[in-house]
Amino acid sequence: MCKIDVEVQKSVKAQFDLTDRVCVVTGGAGFLGAQFAESLAEMGAHPVLWDLVPEAAGKVCERIRQQWGKCEWRRVDVTDLDAIRLAVKDVLETHGHIDVLINNAALTKYGCDADPDSFFAPFEETNPAVWQAGLTVNLTGVALCCQVIGPAMVKRRKGSIINIGSDVGVISPDQRIYQSDEKSGYTGMNFNIPAFYSVSKGGVIQLTKYLATLWAPNNVRVNAFSPAGVYRNHDPSFVQRLTERIPMGRMGMENEYKGAIVFLASDASSYMTGHNLIMDGGRTVW
């Protein structure tokens with residue numbers, strides 16, 4: 001008979017409970033990062049936000065503290081191994097453990113020297129520096145955070161790592177959606193899913209599988225979460241083009257991913273590892 005050293009709560013409410021669990025969220029001040037942190041705090045966890053924008057991180061933290069009581073933040077560059085080690089050391093000295101890591105930080109149009117055109121440039125015109133920056137933040141940053149935090153979880157024989165992928169890390173972006181013309185609503189401007197974004201998110205999903213098998217014997221679970229786009233006042237013509245290719249006929253809403261994050265972070269998913277949980281309204285089914 002195999003030896004089972006994992007205690008599984010019979011109560012479903014207890015399985016979803018995150019009371020006093022320390023959860024590091026990279027890119028925690030971002031749109032989705034803040035949503036993830038809120039969901040963890042609501043379930044009793046102590047979110048620790050890592051971000052490069054102090055003002056934004058401070059505002060998110062304050063909002064979470066006012067509503068749920070616990071949250072803190074640190075300025076951390078996920079591409080800097082020494083900075084990650086220092087931040088982890090700080091968290092461990094303060095709290096004694098890290099229970100959950102959500103690798104959410106990613107390069108956005110705001111991170112390309114404040115020049116969106118360099119982010120959205122056609123593949124043939126992609127600046128090699130932007131390509132490299134995308135891979136470094138989106139993929140290498142995930143690997144580095146796992147490299148430092150994973151062993152601390154292995155030592156405790158407990159932990160959940162959630163790597164944020166994307167639906168376009170599973171399928172190729174439909175280029176017809178992003179045509180720059182009157183029908184798209186983005187006439188005369190670059191607008192697309194950059195190749196480096198899809199490539200890096202595909203790499204995140206594969207890295208997830210690799211680490212899941214590596215650390216499974218030590219009860220450290222590694223899963224990916226791949227969301228689709230969230231509606232944020234996009235151009236109506238673009239929304240129509242996109243939603244025509246989604247079985248549910250709409251984009252994701254602001255709060256719809258919170259439950260999935262709690263599920264992956266909590267003991268409710270205690271027998272799941274190496275999985276890529278996709279929430280995309282059915283888009284990747286076609």
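Q: Is Asn233 buried or exposed?
A: The model is predicted, so local features need pLDDT of at least 70 and side-chain atom pairs count only at pLDDT 80 or more, while totals for chains, interfaces and linings use all residues. Residues are numbered from 1 along each chain as its sequence is written, and side-chain values use heavy atoms, with hydrogens and water left out. Buried means under 20% relative accessible area, exposed over 50%, and partly exposed in between (1.4 Å probe, protein chains only). With a relative accessible area of 67%, Asn233 is therefore exposed.

Q: What is the phi of Asn233 near?
A: Most residues other than glycine have a negative phi. Asn233 is found in the loop between β6 and α8, where helices (H or I, at least four residues) and strands (E, at least two) are DSSP runs numbered from the N terminus. Its phi is positive although the residue is other than glycine, with a value near 60°.

Q: How many salt bridges does the count come to?
A: Side chains of opposite charge can pair when their charged atoms come close. The rule applied here requires a side-chain nitrogen of Lys or Arg within 4 Å of a carboxyl oxygen of Asp or Glu. By this rule the count comes to 14.

Q: Which residues are linked with Glu38 in a network of salt bridges?
A: Glu38 pairs with Arg63, the closest N and O atoms being 2.9 Å apart, and this pair links helix α3 (residues 54-68), which holds Arg63, to helix α2 (residues 31-42), which holds Glu38. Glu38 also forms a salt bridge with Lys258, with closest N and O atoms 2.9 Å apart. Glu38 lies in helix α2 and Lys258 in helix α9, so this pair ties together parts that are 220 residues apart in sequence. The residues linked with Glu38 in the network are Arg63 and Lys258.

Q: Which helix holds both Arg85 and Asp82?
A: The side chains of Arg85 and Asp82 meet in a salt bridge at 3.8 Å, N to O. Arg85 counts as partly exposed at 47% relative accessibility, whereas Asp82 counts as exposed at 56%. The two residues are 3 apart, about one turn of the helix, and both lie in α4.

Q: Which geometry does the pair of Phe119 and Phe196 have?
A: Rings of Phe, Tyr and Trp (its six-membered ring) pair if their centres lie within 6.5 Å; planes under 30 degrees apart count as stacked, over 60 as edge-to-face and the rest as tilted. The structure holds 5 aromatic pairs. In the pair of Phe119 and Phe196 the centres are 5.5 Å apart and the planes at 85°, so the geometry is edge-to-face.

Q: How many residues apart in sequence are the parts that Phe119 and Phe196 tie together?
A: Phe119 is buried at 7% relative accessible area, and Phe196 counts as buried at 2%. Phe119 lies in helix α5 (residues 116-119) and Phe196 in helix α7 (residues 195-215), so the separation of these parts is 77 residues.

Q: How many disulfides does a search of the whole structure find?
A: A disulfide is a pair of cysteine sulfur atoms within 2.5 Å. The sulfur of Cys146 is 7.1 Å from the closest cysteine sulfur, in Cys145, which is too far for a bond. The number found in the whole structure is 0.
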